[in-house]
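Please look through the structure below and keep the sequence at hand. The text that follows starts at a ligand and then turns to the protein around it.

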Amino acid sequence: MTNIEIVSAAPQERRAIACMQYALNAIVAHLKIVLRIFFRGDAFAAHSSSRWRPDAQIQASIMLAVLAGVLSMLTGCRDFSLDAKPDGDIAPQHLFMFTSLHASAPATGVTAMRVNLGRRIFYDPHFSKNDSISCNSCHQLAKYGIDPGRPVSLGHDHHPGDRNSPTVYNAGLQFAQFWDGRAANLAAQASGPMMNPVEMGMSGPDVVLAYIHSRPDYVRQFKEAYSDQKDPVVMENVTDAIAAFEGGLLTPARWDKYLEGDVNALSDQEKQGLRVYLRSGCAACHAGMDMGGNSYQKLGVYRNWPDQQTDPGRLTLTHQARDRMYFKVPTLRNVEQTGPWFHNGHVQTLEEAVWLMGKYEAGHKLSTADVNAIVSFLHALTGDIPQQYIQPPADEAPPSKVAANHNGQWQNIHHITQPSSQEGQ
Ligand code: HEC
Ligand code: HEC
């Protein structure tokens, strides 16, 4: 292990200087991005009267906290051994801007019933207009929760959507849902797709609830899972159950072992990638437990993103000019598995995605070696799919024929008791 030899042979001063240099680089990279985010021209143009927006202040404090963290690297310089290029360890205790993830404990009691119900709904295509699409069609749990290979998903009747399906794994860790954050949490998100005309295309909650009422086994499951309620077949419980299930879709990875002190959990190349990741300032936006999912940022911090027209991000939601091209920073967990990348799925390789991030978000033209190093680090963020947890329910049965009319819409026939041949098992 030549590097260890180099480290131990290196005079103390050389190590300290190398460490300072590294820490300074990291600080400058973060500072530059932070300053860029706050003092970029268009924020003033839209708000010439005031520099500080309330949300910018919150953002500022988060960024300053990150910065303070980076600064504290300096204090830890002595045992930082960053000069041990290319494969020295970064002492995990210095990676304060990240938090490790654990799989959730198996649910019990009422929670388990809700999780089971949510899992069943997630896989059930009858929550779509033509009985053809389930949540799992666009968020395939066996394929890291995405719609593999498709830049944008096709909804019922093959209607194309306009955004890439983000992964549902670890989604609950994010501060908001959707690329533009228009839903506050998983439950708020879950009713959206069913009624979205280009996703599952149900005409309204009545149709969803009528379908559930047409299935005595479903009604029974709702009654068990929400036994404290008089009429448990309500939309809030549908979304609550889905959220309960999605909450368990967590994928701890080797990265988490590393954060917890197992320095052998990452290969030398991955460690080198981590170093480039930190040095390039990626952690200014992609940090925390989910390596993202905790702020909105402008796509195009250093220079205008080439496509300003097709999808202006949060602008569509808030109608505020200052929100043009702002998107939620996505999680980087499992990112090597969740391509094609970006909100419109236009980027086909992870290398290109990383290179574009360097150029537009972090202000570096990354070398091929740096891009490859970062990509190999991202590899360490790929966790195991919880195979047991995502097993589709075996008893998923086709719906009772009586309930559907010719348009595939579910009639409002509450209290239907006539079971179809497969039901009631
Ligand atoms: C036709 C494809 C399609 C179907 C069906 C679908 N989704 Fe999605 N889902 C998407 C797309 C596309 C987005 C991103 C939309 C956006 O950001 O504007 C998304 C976003 C999400 C998100 C937010 C993730 C994040 O990181 O922000 C969650 C959670 C989610 N869907 C869960 C579900 C659930 C639960 C269902 C079933 C009730 C479902 N989806 C059905 C395509 C689909
Ligand atoms: C200023 C904040 C910021 C910085 C710095 C930043 N990113 Fe991003 N990153 C984003 C945003 C915002 C998106 C979502 C872009 C979109 O709308 O498609 C994103 C998306 C990504 C994606 C695509 C994820 C997906 O699921 O499609 C990858 C990969 C990525 N970033 C990696 C990096 C790397 C590596 C670095 C450092 C070189 C970096 N980012 C620096 C804000 C940032």
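In this predicted model, ligand 2 is surrounded by 27 residues, and the closest are C282, C285, F327, F342 and M357. Sorted by class, the shell holds 19 nonpolar residues, seven polar ones and one charged residue. The element that gives the most to this shell is helix 14, residues 350-362, with six residues.

Helix 14 also has a part in covering another helix. The buried residues of helix 15 are covered by elements that include helix 14 and helix 12 (268-280). Helix 15 runs over residues 368-379, twelve in number, and spans 17 Å from its first C-alpha to its last. That is close to the 16 Å expected at 1.5 Å a residue. Is helix 15 mostly covered or mostly open? Nine of its twelve residues are buried, so it counts as mostly covered. Among the buried ones are D370 and H379, along with V371, I374 and F377.

Now take the protein as a whole. It has 15 helices and two strands. Of its 425 residues, 43% count as buried. Among contacts between residues at least 6 apart in sequence, 71% join residues at least 24 apart.

How far can the model be trusted? The mean pLDDT is 81, and 75% of the residues reach 70 or more. Over residues 41-52 the pLDDT is below 50, and this stretch has seven contacts beyond near neighbours in sequence. Residues 397-425 also have pLDDT below 50, but in the model that stretch has 55 such contacts. Where pLDDT is low, the predicted coordinates should not be read in detail.

Technical notes:
Residues are numbered from 1 along each chain as its sequence is written. Chains are lettered from A and ligands numbered from 1 in the order in which they are written. This is a predicted model: local features need pLDDT of at least 70, side-chain atom pairs count only at pLDDT 80 or more; totals for chains, interfaces and linings use all residues. A residue is near a molecule or strand if its C-beta atom, placed from the backbone, lies within 6 Å of it. Helices (H or I, at least four residues) and strands (E, at least two) are DSSP runs, numbered from the N terminus. Ala, Val, Leu, Ile, Met, Phe, Trp, Tyr, Cys and Pro count as nonpolar, Asp, Glu, Lys and Arg as charged, and the others, Gly among them, as polar. pLDDT is the predictor's confidence in each residue, from 0 to 100. Two residues are in contact if their C-beta atoms, placed from the backbone, lie within 7 Å. A residue is buried if 20 or more other C-beta atoms lie within 10 Å of its own, exposed if 12 or fewer, and partly exposed in between; C-beta atoms are placed from the backbone. The expected span of a helix is 1.5 Å times one less than its number of residues.
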